[in-house]
Amino acid sequence: MRRISVPLLAALAAYACGPRDPSTPPGSGRAPGAAASTPPASPVLTPAAESRVHAEHPALPVGITSFGAARLDSRVYVLAGWMGEPHAYDTDHQSDAFLRADLVPAAGSPTEAAQPSQWTAAPNLGRMQSPALVAVGDGLVATGGLVAHNRTGSPAELESLAKVARFDPAASRWTELVPMPEPRSSHDAALVDGELWVVGGWRIDRAGESRWHSTALHRDADRDDAPWVSVDVPIQRRAHAVVGLPGRVIVVGGMTPQGPTNRVDMLDVAAGTWSEAPGLPGVGFGVAAVAYGATVIASGADGVLWQWTPGDAAWRGIGRLAFPRFFHRMVVDADGGIVVVGGIAGSGSGQKIRATERVVPGAAAHLVALTVDAPGTAKNRQGLLLHDDRLMVIGGNTSLEQHDFAAERFVAESHELALGTLTWRERAPLPARRQSLLATTTSGDGAIVVGGFGHDGTAARTWADGWIYDFAADRWSALAQPLPGTRSQAGLVEHDGRLWLLGGLDYDPARPEKDRFRHPRRVLSSAVAPVEFGDAPIELPRSRRAFGGALQGGEYFMVGGLADGFANVAPCEAIALSTGKVRPIACPSRARLSPELVATGGTLILAGGMVDGAPDTSIERYDPETNTWTTLEFAMPLPIPHLRLLSWGDRVLAFSAHDADPDIHLAILTLPPSPEPRR
């Protein structure tokens, strides 16, 4: 597997705190304004995961949480952080890294070989997590943080910091400023009308005592020796976000001594008065927020971008992240895009997010494309399963040709990609070498893989056997009963506690020439357990294979594909699985062969496939309520032959391995939430 040497965030990732080198204890006695002893630049190391990632903006070499971040000119800076398990802090998993990357768009497709920017190392402030980092003038100011003094497996010995330091990019060095009156960690900071404001957080001492802060601090940001002034705050909170607008300090979400809160408070700086603003929709614990013009944009674990203008009665959803996360950071670039860095997956999978994404507020859709090393040899027609933010890739064909069915081309390999960390691990191989598998996860927390196309030693044909996969045990178990007939290029879904198999091809070259291609119209069904497929009282109105199919609202929608004699299927239909009732629906702009169709957010997304022998790069969206299709404004950025789509929560995950290089291409598509404001 290829690997690229990138600066490792020498320890990053977690829920709500931060560390530093115990050899430089808090209160070192250095005079304010004196140059700090400049540590060497953070080491340039190879990520332990050995995974190369290429994207529009550079992925972090290691997933991190509880770090500081800010944009200065055309660069984004990332300071320190945590990369271990939440709330199990130690010296071994805290970072001393200070990294920067240019916010330069890729010169072309994210699938091109050259990466436009990488993280590079700068002199650090020592090992810590949960500092706040703010751009001030032509430099950066860091405040506070948390240091762990204990090694892994030892009782926690944590210490909040009062340290304040300014980084001069031109000189590439830090200068210590007047420290805060008391140590703080799990706080946040912002610049308001030339003043640096630090709000919230708590103080933890090495004896294990903690105290929530009931004040905010502010000082003249232009004077290195400026004193700190204390201001009372309405509530105690940490793991929140602070945003500065002209004349206002806005504090969003966080954790209070009573638990998580979505509360938003606003300080009128001139009047010195606080007022409560509309609460952030959803939970605000670990939220990130930025000033965007005269508005505030915030995003928490639900992945929604929420926007609020002071004076409005409610926040409104304006977009969704490709990687929902919390304990991340957001910065606004010079072109009005929001760059999102780090954090931990909002799904609860525990994965730290390496992907850096750029969101344009208010856009009709959001698309992130990534390229990672391919762990195996298959180039197309793999079986795909999504489970707990992990993509499992099974079997497939190693050729780039459309119909290369030599026995050695079929593989049984299985690999799993953690979509947060973007790292692979090998899994138990499928018991047979197959491509074009019918695969789906089930409500039983497992998966089923049936049928497909493979070689029997004499010729390639379709198959009727299948297996159940146990994710926890990494084990395949053969079905006690095969399908009633062989099947490939069909649809397989779970609905109302049952499995449903629709359409497809039954191909056997050993049969007479005119009978080699059969297109079963009878729908098969089975309980989720035990899996024993039999005929359902539903029949398709026409033959159909290599089609796009998706389940939405109890109906299975079918578009495109082939029928007998390799004829294109023009009609489009929806089948109610509970009754077998079939109704016609509007068709997309053109009939496609082997398109992919998935349901997301109450709508259907269509992409991939071939039209008149050429790949179709357009992405179309179907609204079941209006029975209409619309074409999205951008094209699918992946290599299109054998493109696959999967529904991933509120997102659509696209996959392609069709590349002469050992690469896997991914794209994540999200659509904005309903424009209705939430109060």
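1. Ala 472 counts as exposed, because its relative accessibility is 78% and the class begins over 50%. The structure under review is a predicted model, and in that model Ala 472 is placed in the loop that runs between β40 (466-470) and β41 (475-478). Asp 445 stands 27 residues away from Ala 472 in sequence, while the distance between the two in space, taken from C-alpha to C-alpha, is 9.0 Å.

2. Gln 129 is likewise a loop residue, lying between β5 (120-121) and β6, but its relative accessible area is 0%, and it is therefore classed as buried. Which side chain does the side chain of Gln 129 meet in a polar contact? The partner is the side chain of Gln 94, at 2.8 Å.

3. A search for disulfides over the whole structure returns one, and this is the link formed by Cys 572 and Cys 587, whose sulfur atoms lie 2.1 Å apart. The link is right-handed, with 125° about the S-S bond. As for its place in the chain, Cys 572 belongs to strand β50 (residues 572-576), whereas Cys 587 sits in the loop between β51 (582-585) and β52 (596-600), so that the pair, 15 residues apart, links distant parts of the chain.

4. Cys 572, in strand β50, has a relative accessibility of 4% and so counts as buried, since the buried class covers values under 20%. Cys 587, in the loop, reaches 32% and therefore counts as partly exposed, a class that lies between the buried and exposed limits.

5. The second largest pocket holds about 750 Å³ of space. Its lining is made up of 40 residues, of which Ala 69, Leu 133, Ala 289, Val 290 and Met 330 are the closest to the centre of the pocket. Which elements give two or more residues to this lining? They are the strands β2 (68-72), β6 (132-136), β12 (188-192), β18 (241-245), β22 (288-292) and β27 (329-332).

Conventions:
Residues numbered from 1 in each chain as written. Predicted model: local features only at pLDDT ≥ 70, side-chain atom pairs only at ≥ 80, totals over all residues. Heavy atoms only, no water. 1 Å grid on protein atoms, 1.4 Å probe; cavity = no way out; pocket = protein on both sides within 12 Å on 5 of 7 lines; lining within 4 Å. Points joined across faces, edges and corners; volume = space filled by probe spheres on them. Helix = DSSP H or I, 4+ residues; strand = E, 2+ residues; numbered from the N terminus. Disulfide = S-S within 2.5 Å. Buried < 20%, exposed > 50% of the residue type's maximum accessible area, 1.4 Å probe, protein only. Polar contact = N/O pair within 3.5 Å; in protein donor to acceptor, adjacent residues only side chain to side chain.
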